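Hello,

Here is the structure I promised to pass on to you. Have a look at it first, and then read on for what turned up.

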Amino acid sequence: MMFSKIITLSLNPALDVTLWTETLMPDSDNIVQDERYDAAGKAVNVSRTLRYYDMDNLAIVLAGCHNLHRYEQQLRNERVHYRIITIEGYIRENISIVQPDRTVTRLLREGFYVEYEAVDEIQKVLTESVEAGSLVVISGSLPKGINSRIFKQICAHIHSLGAKIALDTSSLVQEDIYEIKPWAIKPNYAELCGIVGRKMVNWKEMVEIGRDMNAHGVEHCIISVGQEGLMYVGHDRAIRAEVPEIDVVSSVGAGDSALAGFIMSMQQGRDLENCVRMATAFGTAACLTDGTNPPARLATANILQQVKLREMDLA
């Protein structure tokens, strides 16, 4: 076993609401034919996926108290072990409207404001929950009230407890990541472009950026590239994973599943190629589920056999 504990930290969770309609016409009534609610947010999605695959973990969630009941009920339904830090306000609701042709329109709402007293409570809960040898997964955008400076203080506290960090957020820039030195990062292509402040035109350039991250303390760079697959860059390996063509149902949460697949494989002691394959299969299979459901076991196993790995040149 690589980590003594796996913990996820969600600072800006979401209730993902998916609505299915026949039409979506402006200035008109549109009938909702079906709906589902998921207790989500990127870090919580990692916890849900790990739990679905029987890997124990603890989800620490900063949550607004005014709509907490429905969120907690969903976590209980999925047998997620969690600890809630309650503050004033509402958990934000992200609404996805799905039409018959699978066109998805998303409405992303803002959540609560985090007072500094809540940051003290986050540090306290981390101290009580994290032990030496733990992995803490921090994913998702930063809520109002937590800027990059405060976030880096939280990360420094986690490191002081002897834990490593896996990071997946679009709220930081390259210099922030250099300072945090996470064990792993998992951006998608667009998020990586935002982090480095420019677009990449080819796979070679992506490898170069990954190598620069490695040189500044990031052990594993896992970059999801939609239907083109996934790129892994480590200190002495760069691997491109190609995926089979699929009929995407929903790509929301696919990157979170990919990160969960990588962590699970690492925790099971699998070699690097298998970890990359599993991350790719988890992320791809997640696109075949509604809402932010974890990837189904059968779909994951089927896609896993079709993932093709290609070694990339580090020079």
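Let me start with the overall build. For a chain of 315 residues, a compact globule would have a radius of gyration near 20 Å, and this chain has 19 Å, which agrees. Please keep in mind that this is a predicted model. The C-alpha trace spans about 60 × 45 × 40 Å along its principal axes. You will find ten helices and 14 strands in the chain, and buried residues account for 55% of its 315 residues.

Next, the charged pairs. Side chains of opposite charge can pair when their charged atoms come close. Searching the whole structure gives 18 salt bridges, and I picked out a few for you.

One of them joins Arg48 and Asp38, at 3.4 Å from N to O. Arg48 belongs to helix α1 (residues 42-52) and Asp38 to strand β3 (residues 32-40), so this pair ties together parts that are ten residues apart in sequence. Arg48 counts as buried because its relative accessibility is 2%, and Asp38 is buried too, with a relative accessible area of 0%.

Another salt bridge brings together the side chains of Lys144 and Glu110, at 3.3 Å from N to O. Here the partners sit in loops: Lys144 in the one between β8 (135-139) and α4 (148-160), Glu110 in the one between β7 and α3, so the pair links parts that are 34 residues apart in sequence. Lys144 counts as partly exposed at 39% relative accessibility, while Glu110, at 65%, counts as exposed.

Glu208 is partly exposed, with a relative accessible area of 43%.

There is also a network: salt bridges with shared partners join Arg36, Asp38, Arg48 and Glu78. The Arg48 and Asp38 pair described above is a salt bridge between two of these residues.

Finally, a word on the surface. Where does negative charge gather in a patch on the surface? Look at Glu115, Glu117, Asp120 and Glu121, which form that patch. Glu115 is placed in the loop between β7 (104-108) and α3 (116-129). With a relative accessibility of 48%, Glu115 counts as partly exposed, since the exposed class begins over 50%.

Happy browsing, and do write back with any questions.

Best wishes

Key
Residues are numbered from 1 along each chain as its sequence is written. This is a predicted model: local features need pLDDT of at least 70, side-chain atom pairs count only at pLDDT 80 or more; totals for chains, interfaces and linings use all residues. Side-chain values use heavy atoms; hydrogens and water are left out. Patches are made of residues with over 30% relative accessible area and no salt bridge: like charges are joined within 9 Å, nonpolar side chains (Val, Leu, Ile, Met, Phe, Trp, Tyr) within 5 Å. Accessible areas come from the Shrake-Rupley method with a 1.4 Å probe; for residues, only the protein chains shown count as cover. A salt bridge is a side-chain nitrogen of Lys or Arg within 4 Å of a carboxyl oxygen of Asp or Glu. Lys and Arg count as positive and Asp and Glu as negative; His and the chain ends are not counted. The place of a charge is taken as NZ of Lys, CZ of Arg, CG of Asp or CD of Glu. Helices (H or I, at least four residues) and strands (E, at least two) are DSSP runs, numbered from the N terminus. Buried means under 20% relative accessible area, exposed over 50%, partly exposed in between (1.4 Å probe, protein chains only). The radius of gyration is taken over C-alpha atoms; the globule rule is 2.2 Å times the number of residues to the power 0.38.
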